[in-house]
Amino acid sequence: MRTLRARLTPYALVLPGGLWLAIFFVIPTLVMLSLSLQSGNVVDGFAFTWNWHSYVDGITTYHNQIVRSLLYGLSATIIQIVIGFPVAYWIAFKGGSRKSVYLFLVLLPFLVSFVLRTISWQFLLSDNGILLGPLKSLGVLPQDFHILATPYAVIGGLSYNFLPFMILPMYVALERIDPRLLEAAQDLYASKVQTFLRVVLPLSLPGVFAGVLMTFVPASSDYVNSSVLGGTNTTMIGNVIQNQFLVNQDYPVASALSFTLMALLLVGIFVYARALGTEDVLEVAAR
Amino acid sequence: MNDPRNQDPAFLRGMTQRRLGRRDAFRLAGLSAAGLALAACGVQGKRVTKPTSSAQAQSAVQQYWSGKAKNGHVDFANWPYYMDPKHPQLKQFTQQTGITVTYDEAIQENASWFAKIQPLLAAGQSINYDLMVVTNGIQFTELVELGYLAPLDHSKLPNFAANAGPRYKNEAYDPGNVYSIPWTSGMTGIAYNPKYIDTPPTSYAALWDPKYKGKVGMMADSQEIGNFGMFLLGVDPEKSTPADWEKAAAKLKEQRDAGIVRKYYDQGYVDPLGKGDIWLCQAWSGDIFQKNISEGTDLKFVIPEEGATIWTDNMMIPKTAANPVDAIMLMDFFYDPQIAAGLAEYINYVTPVPAAQAIIKADAAKAKGDEQKTLEEVADSPLVFPSEADYAKLRTYRTFKNTDEQKQYENIFQAITTS
């Protein structure tokens, strides 16, 4: 009796989380998988027909948008590392007693809705707005210069919106580095650059990895930034999927595109994990 | 490769790590079985046969309305900026009838609204609204075809019978107003910001003018944008053929690739127009007037000489509504000329009640100063009370024969907007 209970306890503990995952992730994913292989229309209904054409059609029509999304996601991720790493480093090593204040400041924009933050960028970057207007009247910028409705605006918006997700994991990894390791490096006559490159950087990689996961995936599948800040020829795959679902009601193509994107992102992540070394990184990142 | 010291780590990993065992195979099989089970519960469509005779239609009406009674409340879903935020008309309704109204600006787009309510309606559940406003177009046709709308009992619509303008009693998308009566109509034309544009545009060609490079806003909606391409070519969108669509799309592609279009907007084109991010754009008539009145801007709206589209937003009752009797009373209430006049004074869209014009003129005569000027403008505005000559220039959306035709149309024009 006791052994039975002991054997069941772990399952009971995992039940709430497991149910959550089943109801809100596994089942919807399966439904979507099934939808992606159906054919029909909203009025006559959809039926399961092993219709692989949705994948073929979706990819041939929208491969540009898929590639563009991955490139935008990648650019935003690189920008976030470049901006985020020094911030995380500075907070971890120089933040002193105010670390939590700085972290709070990093998180502060998150108290405002994602869409509103993006729209306020639209306001800031407007052609004759508070940023570009004065520069134009001073003659620093040509009159027809604009940032909105360009890929730069979209990538900028993506970088901005997901930045805290990059900073926080990097901070956690950096903060955890034992200062005695740095002292040891110095005792062994390593220069500051060497200490950074051979001690700090390798130890912070799991944080960078986690940061990349948490920013590259949502940035590549985002549709808000492109629709608010973009123009012509900046459509991302997220916009296409949204359009297929809501406007065209072409559920099979929308599901097929979602699955294609998911597959591409998963492959990308595993290649990246391999390139970084081992599965250790995943484990460390999960800590 | 044979030297163990130079072994490829990937090879080693492959040799030593767990591969797909029998258990995993069972697990996978279980998952695919679940997938197949789910395949059975795909999305069901339920096309209904439309009544073919008036007797059938009459019995459908009786069947729906028999046993339905007034409940004293109605939940109304409408679009933003479609009523004075103080809701004076609804207050009057409550005063007169004792029926309370919850008014939500719940509808932003026809497509997303349809996507939101479709699963509920398909399951025969209430959408928590008794009255909603949907534009004549693809989604409206689908709502009718799927049998999601209550057939209207015209004996409960005396004001509509007495006061609706003749053209609003016989719309091509709902002949005989079986399922809907108009809330309001509007036109899609060209809006421009006179701060940046000296010569007012008179033709669709202005939107293709290279001197406005990067300063033109177009709509993302395939019907709206397709119509503009067709007007430019002198084609009546209502009677257009797939060949016309291709030609119009080629023109629109030209416009995009020349860098003339800055962006394809869903909704928010008014702000960028006011700020000067765009100088001229496709626009809905009432939006521009409301912006001018609420923010003191001086944006202009023109109906190009080639003509323009007129669309109609319609009130309708979802079949699963909890309070259909209260809802139909409210629908009819908006056809009281006094009420229609008050509404038009605020929203500046075409009212389906022509008698409202005289009332607005009378209101203007009583008012003073700025208010008088605004009211006079509304009463004389061709955008609120189009003349017969204006109507002669207006076209309606293309009605699609079936979903295949619609899909063909969408594919042609979405290739332009989702580049």
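Modeller: Start with the term helix: here helices are DSSP runs of H or I with at least four residues, and strands are E runs of at least two. Keep in mind that this is a predicted model.

Colleague: What are the helix and strand percentages of residues 145-174 of chain A?

Modeller: That span is 80% helix and 0% strand. Its end C-alpha atoms lie 40 Å apart. The label "transmembrane region" comes from an unreviewed UniProt entry, which puts it on several spans of chain A, including 145-174 and 253-273. Such annotations may be inferred rather than shown by experiment.

Colleague: What is the make-up of residues 253-273 of chain A?

Modeller: The chain is 100% helix and 0% strand there, with 30 Å between the end C-alpha atoms.

Colleague: Which residues of chain A carry the annotation "domain: ABC transmembrane type-1"?

Modeller: The unreviewed UniProt entry gives residues 66-272 of chain A. Over that range the chain is 77% helix and 0% strand. The end C-alpha atoms are 19 Å apart.

Colleague: How many helices and strands does chain A have?

Modeller: Chain A has 12 helices and two strands. The C-alpha trace spans about 80 × 75 × 35 Å along its principal axes.

Colleague: Why is Gln249(A) called buried?

Modeller: Count C-beta atoms within 10 Å; the cut-off for buried is 20 or more. Gln249(A) has 24 such neighbours, so it counts as buried. Gln249(A) sits in the loop between helix 10 (237-247) and helix 11 (251-276) of chain A. Its phi is positive, about 55 degrees, although the residue is not a glycine.

Colleague: Why does His87(B) count as partly exposed?

Modeller: Exposed needs 12 or fewer neighbours and buried needs 20 or more. His87(B) has 14 C-beta neighbours inside 10 Å, so it is partly exposed. His87(B) also has a positive phi, near 55 degrees, and is not a glycine. It lies in the loop between strand 1 (73-77) and helix 4 (88-97) of chain B.

Colleague: What share of each chain is buried?

Modeller: In chain A, buried residues make up 36% of 287. In chain B, they make up 43% of 419.

Colleague: Into which domains is chain B divided?

Modeller: Domain 1 is 55-185 + 311-382, and domain 2 is 187-310 + 395-417. Their C-alpha centres lie 27 Å apart. Contact means C-beta atoms within 7 Å. By that test, 13 residues of domain 1 of chain B touch 14 residues of domain 2 of chain B. The domain 1 side has seven nonpolar residues, six polar and no charged.

Colleague: How many residues of chain B are in contact with chain A?

Modeller: 30 residues of chain B contact 35 residues of chain A. Helix 2 (22-40), helix 5 (110-122), helix 6 (138-145), strand 6 (261-265) and helix 17 (403-417) of chain B each supply at least two residues to that side. By class, the chain B side has nine nonpolar, 11 polar and 10 charged residues.

Colleague: What are the confidence scores of the model?

Modeller: The ipTM is 0.85 and the pTM is 0.84. Chain B has a mean pLDDT of 88, and 89% of its residues reach 70 or more. Over residues 11-22 of chain B the pLDDT is below 50, and this stretch has two contacts beyond near neighbours in sequence. Where pLDDT is low, predicted coordinates should not be read in detail.

Conventions
Residues are numbered from 1 along each chain as its sequence is written. Chains are lettered from A and ligands numbered from 1 in the order in which they are written. This is a predicted model: local features need pLDDT of at least 70, side-chain atom pairs count only at pLDDT 80 or more; totals for chains, interfaces and linings use all residues. Domain bounds come from an automatic or database domain assignment. Ala, Val, Leu, Ile, Met, Phe, Trp, Tyr, Cys and Pro count as nonpolar, Asp, Glu, Lys and Arg as charged, and the others, Gly among them, as polar. pLDDT is the predictor's confidence in each residue, from 0 to 100.
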